[in-house]
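Please look through the structure below before reading on.

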Amino acid sequence: MELSLNHYTQGTRTVLEVGGEVDVYTAPKLREQLVELVSDGHHDIIVDMTKVEFLDSTGLGVLVGGLKRVRSHDGSLALVCDQERILKIFRITGLTKVFPIHDSLSEALQDGE
């Protein structure tokens, strides 16, 4: 499955919708999109992963890299994920302590207010 990326601004935050599979083949596209958003001044980003079907360690690395990038600009990177199989990956790797992870986009948007 292909990776789909779409972003839009919601208030002061940028929502990046990610869909499909985030793996060694598609993760560079996600990295490129995050780098571009930060370069364009989007430092408070919510990555909506509700349509992600698969996530591997390369994808996790890209998200951690994105987090480091926004934090270097005093920004934030939150995740929206409601799929147990994806959440399990974050729990196993201990990244639930690193990323704010929300069940829904509305919850993530409220957290940033």
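Leaving aside its neighbours within four places in sequence, which residues is Val52 in contact with? They are Val18, Gly19, Gly20, Val22, Gln83, Arg85 and Ile86, where contact means heavy atoms within 4.5 Å. This is a predicted model, in which local features need pLDDT of at least 70 and side-chain atom pairs count only at pLDDT 80 or more, while totals for chains, interfaces and linings use all residues. Residues are numbered from 1 along each chain as its sequence is written, and side-chain values use heavy atoms, with hydrogens and water left out.

Val52 lies in strand β3. Helices (H or I, at least four residues) and strands (E, at least two) are DSSP runs, numbered from the N terminus. With a relative accessible area of 0%, Val52 is buried. Buried means under 20% relative accessible area, exposed means over 50%, and partly exposed is in between (1.4 Å probe, protein chains only). Along the chain, Val52 and Glu21 are 31 residues apart, yet their C-alpha atoms are separated by 5.9 Å.

Gly20 is found in strand β2 and is buried, at a relative accessible area of 3%. Its C-alpha atom is 6.8 Å from that of Phe54, a residue 34 places away along the chain. Val22 is also found in strand β2, and its relative accessible area of 1% makes Val22 buried. Not counting residues up to four places away in sequence, Val22 touches Leu3, Ala27, Leu30, Val52, Phe54, Leu55, Asp56 and Gly59.

Next come two helices. Helix α1 (residues 27-39) packs with helix α2 (residues 57-71) at an angle of about 10°, and their axes are 9 Å apart. Axes are lines fitted to C-alpha atoms, for helices over the stretch in contact, and angles run from 0 to 180 degrees between N-to-C directions. The angle makes α1 roughly parallel to α2, a term for angles under 35 degrees. On the α1 side the contact holds Ala27, Leu30, Arg31, Leu34, Val35 and Val38; on the α2 side it holds Thr58, Gly59, Val62, Leu63, Gly66, Arg69 and Val70. These residues divide into 8 nonpolar, 3 polar and 2 charged. Here Ala, Val, Leu, Ile, Met, Phe, Trp, Tyr, Cys and Pro count as nonpolar, Asp, Glu, Lys and Arg as charged, and the others, Gly among them, as polar.

In soluble globular proteins, nonpolar side chains tend to be buried together. The largest nonpolar core in this model has 27 residues, and those with the most contacts inside it are Leu30, Val47, Met49 and Phe90. A nonpolar core is a set of buried Ala, Val, Leu, Ile, Met, Phe, Trp, Tyr and Cys residues joined through side-chain atoms within 4.5 Å. At least two residues of this core come from each of β2 (13-22), α1, β3 (44-55), α2, β4 (76-80) and α3 (84-93). A second, separate core has 7 residues, including Val15, Ala78, Leu105 and Leu109. Leaving aside its neighbours within four places in sequence, Met49 is in contact with Val18, Leu55, Leu63, Leu79, Val80, Gln83, Ile86 and Phe90.

Which residues are buried in α3? They are Ile86, Leu87 and Phe90. Seen down the axis of α3, the buried residues fall within an arc of 100°, so they line one face of the helix; the arc is that of the directions from the helix axis to the C-beta atoms. These buried residues pack against β3, α2, β4 and β5 (101-102). After α3 comes Gly94, whose phi is positive, near 80°.

Two loop residues complete the tour. Thr96 lies in the loop between α3 and β5 and counts as partly exposed, at 37% relative accessibility. Leaving aside its neighbours within four places in sequence, Thr96 is in contact with Phe90, Arg91 and Ile101. Asp74 lies in the loop between α2 and β4 and counts as exposed, at 76% relative accessibility. Although Asp74 is not a glycine, its phi is positive, about 60°.

Technical notes:
Parallel < 35°, antiparallel > 145°, perpendicular 65-115°, else oblique.
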